[in-house]
Amino acid sequence: MTFDDGPHPEHTPRLLDLLAERGVRATFFVLGTMARSHPDLVRRLVANGHEIGNHTYTHVSLEKASPQQLRAEVGTTRALLEDLTGSACTLFRPPWGKVSARALAQLWSDEHTVVLWSADPRDYAMKSPEAAVAWGAQYRPRTGDIILLHDTSNVTVALVRELIEHTSRQGIEFSRISQYIA
Ligand SMILES: [Zn+2]
């Protein structure tokens with residue numbers, strides 16, 4: 001499970017409580033602006049065993065960004081996250097999953113691992129927890145699936161609770177992206 005766009009002051013703590021209760025670890029692609037506003041949540045993510053990735057500073061499109069803009073958006077966020085967590089931050093997810101060939105080359109030359117996803121419940125568009133639970137119940141997980149979620153959505157806790165119930169019955173375990181890559 002991957003969570004983008006946070007950390008959010010209301011939804012991220014609720015999600016962290018659930019993940020801790022169920023012993024599940026995940027990867028969070030945080031925004032620099034949110035990390036700067038909520039540094040204690042970034043520290044709590046790491047303290048709880050989750051992994052942090054970079055999602056740019058202001059959720060900018062890397063299809064159109066200039067090399068200078070990319071360096072500022074990605075580099076500023078990476079420096080902030082490395083400062084807050086004390087460890088290297090090389091996982092990167094481009095906003096909307098979109099990236100130009102030039103931006104990709106620049107990201108790779110700065111030794112980023114670019115992470116997209118294979119399953120997207122569109123939690124940001126869900127109107128109710130019931131819709132989230134319904135998606136979780138019909139989801140057929142495959143080994144190596146990367147699920148795109150947002151810890152800025154008020155339905156995400158319900159969705160994650162259902163996903164954990166549903167997949168644990170099938171003997172599937174969640175892991176952080178770097179564990180999966182390894
Ligand atoms: Zn995003």
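**Close-up 1. The exposed face of helix α5 in this predicted model.** Let's start on the outside: A101, R102, W108 and S109 are exposed, and they sit on the face of α5 turned away from its buried side. Just after the helix comes E111, which takes a positive phi of about 65°.

**Close-up 2. The buried face of helix α5.** Now look at the other residues of this helix, which spans residues 101-109: A103, L104, Q106 and L107 are buried. Seen down the axis of α5, these buried residues fall within an arc of 160°, so they line one face of the helix. Their cover includes α4 together with the strands β4 (91-92) and β5 (113-114).

**Close-up 3. Strand β2, covered on both faces.** In a regular strand, side chains alternate between the two faces of the sheet. Here, in β2 (residues 27-30), T27 and F29 are on one side, F28 and V30 are on the other, and all are buried. On to the neighbours: β1 runs parallel to β2 and is joined to it by three bridges, with F3 standing opposite F28. Strand β3 also runs parallel to β2, through four bridges, and V30 stands opposite N54 of β3. Together, β1, α1 and β2 make a right-handed β-α-β unit.

Notes. Residues are numbered from 1 along each chain as its sequence is written. This is a predicted model: local features need pLDDT of at least 70, side-chain atom pairs count only at pLDDT 80 or more; totals for chains, interfaces and linings use all residues. Side-chain values use heavy atoms; hydrogens and water are left out. Buried means under 20% relative accessible area, exposed over 50%, partly exposed in between (1.4 Å probe, protein chains only). Helices (H or I, at least four residues) and strands (E, at least two) are DSSP runs, numbered from the N terminus. The arc is that of the directions from the helix axis to the C-beta atoms. Contact means heavy atoms within 4.5 Å. Two strands pair if DSSP finds at least two bridges between them. A crossover is right-handed if, with the strands pointing away from the viewer, the path from the first strand over the helix to the second runs clockwise.
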